[in-house]
Amino acid sequence: MSTLATTSKSSWRELLRYSGWIIAGLVVVASIIGYLSNAQVTTSMLASTLRQSTPLILGALCGLLCERTGVVNIGIEGQMLFSAFIGFLANVYTGNLVIAVAAAILAGMLVGGLHAFMAVYLKMDQIIAGTVINILALGLTGFFYTAGLTTEGKLQPINLGPLADLPLVGPVLFNNPPITYMAIILVFVMHYVLFFTQWGLRTRAVGEHPSAADTVGINVNRMRYINVIIAGGIAGLAGGFLTLEAVGSFERAMTNGRGFVALAVMIFGKWTPFGAWGAALLFGFASALQTQLQFIGTIEIPHQFIGMLPYVLTIVVLAGLVGRSRPPAAVGKPYETD
Amino acid sequence: MNKTNAPIVLEAQGITKRFPGVLANDDVSLTLHKGEILALLGENGAGKSTLMNILYGLYHQTEGEIRINGQRVLFHNPRDAIMNGIGMVHQHFQLVPVMSVVENVILGSEVMRGGGRLDIKRAIQEVSELSRHYGLAVDPTAIIEDLPVGIQQRVEIIKALYRKANILILDEPTAVLTPQEAKELFRIMHDLTAQGISIIFITHKLKEVLEVADRIAVMRRGKMVGAVSPENQTESTLAEMMVGRNVILQVVKSDAHPTDQMLRVENLSVKDDRKVTVVNNVSLEVRAGEVLGVAGVQGNGQRELVEALTGMRPVSGGRFFIAGQDATHFTPRQITELQVAHIPEDREKHGLVMPYPIEDNMILNAYFKPPYANGSLVNRAAIRSHAEALVSDFDVRTPSVVTPASSLSGGNKQKVIVAREFSKPVKLLIAAQPTRGIDVGSIEFIHKQIIQQRDRGVAVLLVSAELDEILSLSDRVVVMFEGRIMGTLSMAEATREKLGLLMAGSLD
Ligand SMILES: Nc1ncnc2c1ncn2[C@@H]1O[C@H](COP(=O)(O)OP(=O)(O)OP(=O)(O)O)[C@@H](O)[C@H]1O
Ligand SMILES: [Mg+2]
C-alpha cells in the first residue's frame, strides 16, 4: 500500500523533530570557525547574542507559565514596560540597585495580578485583558516619565573567576551581569518545576483539562491566580533588565515589541523552557548578526533590510522548521463551575 | 446473590436539587450495601447524574443529607468526597489527554520525595501494584490520548482506587465500550466487589443490568420510584418502571419496499486524521424505502465513512452519488440541500452548538432560508414557534426553548438533533449511533421515527455498534472490518453469530 510514502514522510518528521539540535550544532560549528578566524568579533557577537536574548527568554518564560496554566497573556510587553519604569524610578530615588530590581519584580507581579483578576475572576476575554495592560502601561509610563532623571549606575558584570578565563565561552558565559545569570538559571528552574514537581503537574493539568483537575480536588482558579502573578514577576525581571542592566535609563516605549517577540519565542519553543531558550538565542543571534553587518557596512544593502533580519529569520524558522506545535488545550478559556 | 445483609456504607436521604427552572432531584433516597453492585436506572433527564454529582461533592444539594458508614457528612467539593472513600468515573472521562497514565492517576494526590518533587518511580510502582491487584492491566507510562476508550476507563477506575475509594460510582460506563470491552468491565466490577468495594452503576442497557446488578434502583422525573432485586425482573418490567408505561422493546415494522437508488458509493477510500487509509475501497447502495445497517466494532472506519458521505471529510479515492448526483466533493451544505439528514455520532461536537438555545439549534440546517431568514435578518417569531412545536412533538424535556443545549441531559440533546433533522423533507438519512446513551423510552421513540421515515420512502443508512439495534431496524446489513465491507447479508442470513464472526474479521 502506501507504506513507503508513510515511512519517508515520518523520517522527514524525525528530522524536523531534531531541527533544534541541528541548528544548535551548526551554530556551534560556525562559532568555532569564527573564533579561529577572528576571535574578537566572534566573542563580542556571541556575548551580544546572550544579551539580546535575555529579555526575550524572560518574557517567554512569563508567557509559557501563564499559558501552561490556561491563561493567555499578550500583556507581556506592557508588564515589561511598566516594571522597567518602576525599576528605573526606584533606582533614581534610592540609588540601590537591589531595591530597584526588587521593585521591578514587584511591579511585574502587580500587573500580573491585575491580569489574573481580569482573566480569572472577571472571566474577561483574555486577549482584551492583555491589550488593556499594554495600553495602560504605555499610557502610564509615558505620562509620568520626565526627561532628565539620572541614576547612579547600572548592574555590572560579575566575573566568575577562573571560568571567565576560558577561551570564547569564558567571556561569553561567565562574565555577565546578574539578571543575565538569573535568566539562565530560571530556564532550568522553570523546566524542573513544570516537569518534576507537584506544582508543575497541577499547573499543566489545569491548563490542559481544568475539570479533570477540579474533580480530583485541585482549585483551578487559585492555581491560575498564583501562576499568573509569579509569571508577572518574571516579566518584571525582564523589565528590570532593560533599565537596570542593559541601558541604565528609561525611554518611552523602550520595550520596542520585545514582549510580542517573546510570545513568538514561546510558541517556537513549543511551550517548553529549553525550547524557548533555544528560540530566544536564535533571535538574539540574528539581532547580533544584524548589528555586526551594519557595523561592517561593506555590504550594499539598505540598513532597513538588514534590520529585518531577525524577524525574517524567526518567521522562516517558525513556519518552515518547527512544524505544528500544540498549545495547552484549555488556554484562554475561563473555568466555570456550578 | 443477596447482599442486603451486608452493612450499609452509603445512605442518601431526602436529597433535593433545584436548577433554575428544573427540579432535578426531588426527595430522593438511596442506600448502598458493602460489596454490592447497585444499578441505577432512569430515563434521560431523570436526575441520575445530578444525584451522583451530589454524592461526589461536585453539586450541592438544596435539601437532604448523606451518611457514610452511619456518619453524617457534608461535601463542599470532590476532595471531601474522595476523603470519605468515594470515587467516580464520569460520563465524560476526566483525564488529561497529553499526560501519561501515571500522571493522571496521581494528579491531586501526588507521591512526593520532599521539596515538592514528584516521585514518579514510586508512583509507577504503586500504579502497577494496583493494576495487578485488581486485574486492571494498563501500561503506566502510556499517554492517555493513545489509548482506546476501554483502557482509558480502566485508568479512571485505577484513579479512584488509588485514592482508596471503597464506593465507586460509574456513570454510564458502557455507553462508549464495545461489547468485548463491556464484558471485561463486568469482570473487573465483580473482582472489585469481591474485595469489598461497593459500586453504583448507571446504564441504559437493561440486559446489562440483569446481568450484573445485585439490586436495581429506578428514578423517574427526579423521583426515586423504587428499588428491586433482579431475580424477579425482566427487561420489559424494568422498562415499564423507568418510563411509567408499557414500552415495546421490539421494533414493529413491515417488510420494506425498496424503490429508487438514493445513495450509491463506488470504491470509496477515506483517510483519518493521521492520514492512514481507514475506509478502503467501499462500495454500497441504499434504496429509497429501506434501511441499510452498517455493523462493526467501533473504529473500523465507520466514523470516517459517515464523515465522508456528509461532506465533513475529504475523499481520497472513489465516488459517491446522492439521488443520482455526484456528491463526492460537495460541502456539507450542498449535501444537506440534497435533502440529506444527518444524526452525527458525536452529538456535542457535530450535532449541536452547545451554548446556543434550543430554538437556534433547531434551525441549524435551515437558518438561511425563509421563514427563519428575512433576507439577512432573522425572524425570531418563526424560529420560536418552530422550536416550540418540535419540542412538544418530540417530547424534549426542557424548561423552555431558550434553555442552552448544554444544560440538557444526553437523551434530550439527541432528541433535539433528531427533531431538527426530521423537520425538513428528507430523502436520505444517515444516522450514526443514533441511540447511544439514550433511555429505552427514547430509543423506542427514535426507532419508530426511523422506521416511519423509511416507510415514507426515505433511504436510511444506519451505522451502529449495537447488534440489537442493527438487527431490529435493518432490511439489509453490511459489516465493516478494518475499513472494508466484509459482505452484505439479508435479514434472513444475518444471525448474531454470523455478524459476530464477520465483525471479528473472519470471512467464513
Ligand atoms: N448544570 C445544570 N444546569 C441546569 N440544569 C441542569 C444541569 N445539569 C442537569 N440539569 C437538568 O437536570 C435534569 C437531570 O439531569 P441529569 O443529567 O441528572 O439526568 P440523567 O438522569 O443523568 O440523564 P442521562 O441519562 O441523559 O444522562 C435535566 O432536566 C437537566 O436538564
Ligand atoms: Mg447522566
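Which residue just after H1(B) takes a positive phi? The residue is B:Gly57, with a phi of about 80°. The structure is a predicted model, in which local features need pLDDT of at least 70, side-chain atom pairs count only at pLDDT 80 or more, and totals for chains, interfaces and linings use all residues. Residues are numbered from 1 along each chain as its sequence is written, chains are lettered from A and ligands numbered from 1 in the order in which they are written, and side-chain values use heavy atoms, with hydrogens and water left out.

For the complex, the predictor gives an ipTM of 0.87 and a pTM of 0.83. The average pLDDT of chain B is 91, and 99% of the residues score at least 70; pLDDT is the predictor's confidence in each residue, from 0 to 100.

Ligand 1 is surrounded by 20 residues, where a residue is near a molecule if one of its heavy atoms lies within 4 Å of it. The closest are B:Asn44, B:Gly45, B:Ser49, B:Thr50 and B:Ser407. By type, the shell around ligand 1 holds six nonpolar, eleven polar and three charged residues (nonpolar: Ala, Val, Leu, Ile, Met, Phe, Trp, Tyr, Cys and Pro; charged: Asp, Glu, Lys and Arg; polar: the others, Gly among them). Domain 1 (3-243) and domain 3 (356-420) of chain B both give residues to this shell, so ligand 1 lies between them; the domain bounds come from an automatic or database domain assignment.

Several polar contacts (pairs of N or O atoms within 3.5 Å; within protein, one must be able to donate a hydrogen and the other to accept it, and residues adjacent in sequence count only if both atoms are side-chain atoms) involve oxygen atoms of ligand 1. A polar side-chain atom of B:Thr50 lies 2.5 Å from such an oxygen. Backbone N or O atoms take part at B:Ala46, at 3.3 Å, and at B:Gly411, at 3.4 Å. Of the 630 Å² of accessible area that ligand 1 has on its own, the protein covers 84% (Shrake-Rupley method with a 1.4 Å probe; for residues, only the protein chains shown count as cover). Strand E2 (22-33), helix H1 (48-55) and helix H14 (410-421) of chain B each give two or more residues to the shell. Helices (H or I, at least four residues) and strands (E, at least two) are DSSP runs, numbered from the N terminus.

H1(B) gives the most to the shell, with three residues. Seven of the eight residues of H1(B) are buried (under 20% relative accessible area, with exposed over 50% and partly exposed in between; 1.4 Å probe, protein chains only). Among them are B:Lys48, B:Thr50 and B:Met52.

Helix H9 (residues 302-309) of chain B also has seven of eight residues buried, so H9 is largely enclosed by the rest of the structure. The buried residues of H9(B) include B:Gln302, B:Glu304 and B:Glu307. After H9(B) comes B:Gly311, whose phi is positive, near 80°. In the loop between strand E13 (291-295) and H9 lies B:Asn300, which counts as buried at 11% relative accessibility. A polar atom of the B:Asn300 side chain lies 2.7 Å from the backbone nitrogen of B:Glu482.

Two other loop residues of chain B are buried. B:Thr435, between strand E19 (428-432) and helix H15 (440-455), has a relative accessible area of 9%. The side chains of B:Thr435 and B:Glu469 make a polar contact of 2.4 Å. B:Val96, between strand E6 (86-89) and helix H3 (101-106), has a relative accessible area of 0%.
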